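User: I would like to learn how to read a model of this kind. Please start with confidence and then go on to fold and surface.

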Amino acid sequence: MLGTRRPDERDLARVQARREQPTRIAQAFQLGILRDLYPKDLADDTAEHVPPIFTAFRALPPLRHVMGRFIGLGVRQEHIATPESPRIGIAVASGCVPDQ
């Protein structure tokens, strides 16, 4: 799209529509985790309770990696393919580029 012409309002609206739902999902997930980190009221001692997700991280270390990828890359990862780099995307973003 950008290589041949300047995007118009319709192009931008399509991009926004495609990206809006995945962004809302990722933000809702982040908010759910953060909600457990902050005190509910002045008497709440957050040092006394650990949010359930952190207990899961401690019990299942690979979950930390998966969660980091989810937060970093989002629900719908965007991929860019060019003639010079046709396989760019998740593999490049994660540093796991297969040998060619």
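User: In which helix is confidence lowest, and in which is it highest?

Analyst: This is a predicted model, and pLDDT gives the predictor's confidence in each residue. The mean is lowest in helix H4 (residues 90-94), at 46, and highest in H1, at 88. Over residues 88-100 the pLDDT is below 50, and this stretch has 17 contacts in the model beyond near neighbours in sequence. For the protein, the mean pLDDT is 76, with 77% of residues at 70 or more.

User: How many helices and strands does the protein have?

Analyst: There are 4 helices and 0 strands. Read from the N terminus, the order is α-α-α-α.

User: What share of the contacts with a separation of 6 or more joins residues 24 or more positions apart?

Analyst: The share is 29%.

User: What percentage of the residues is buried?

Analyst: Buried means under 20% relative accessible area. Of the 100 residues in the protein, 10% are buried. The protein exposes about 8200 Å², and 60% of this area comes from carbon and sulfur atoms.

User: Which residues form a nonpolar patch on the surface?

Analyst: The patch consists of Leu34, Leu37 and Tyr38, which together have about 280 Å² of accessible area. Tyr38 lies in the loop between helix H1 (9-35) and helix H2 (52-59).

User: Why does Tyr38 count as exposed?

Analyst: The cut-off for exposed is over 50% relative accessible area. Tyr38 counts as exposed because its relative accessibility is 53%.

How values were computed:
Residues are numbered from 1 along each chain as its sequence is written. This is a predicted model: local features need pLDDT of at least 70, side-chain atom pairs count only at pLDDT 80 or more; totals for chains, interfaces and linings use all residues. Side-chain values use heavy atoms; hydrogens and water are left out. Helices (H or I, at least four residues) and strands (E, at least two) are DSSP runs, numbered from the N terminus. Buried means under 20% relative accessible area, exposed over 50%, partly exposed in between (1.4 Å probe, protein chains only). Contact means heavy atoms within 4.5 Å. Accessible areas come from the Shrake-Rupley method with a 1.4 Å probe; for residues, only the protein chains shown count as cover. Patches are made of residues with over 30% relative accessible area and no salt bridge: like charges are joined within 9 Å, nonpolar side chains (Val, Leu, Ile, Met, Phe, Trp, Tyr) within 5 Å. A salt bridge is a side-chain nitrogen of Lys or Arg within 4 Å of a carboxyl oxygen of Asp or Glu. pLDDT is the predictor's confidence in each residue, from 0 to 100.
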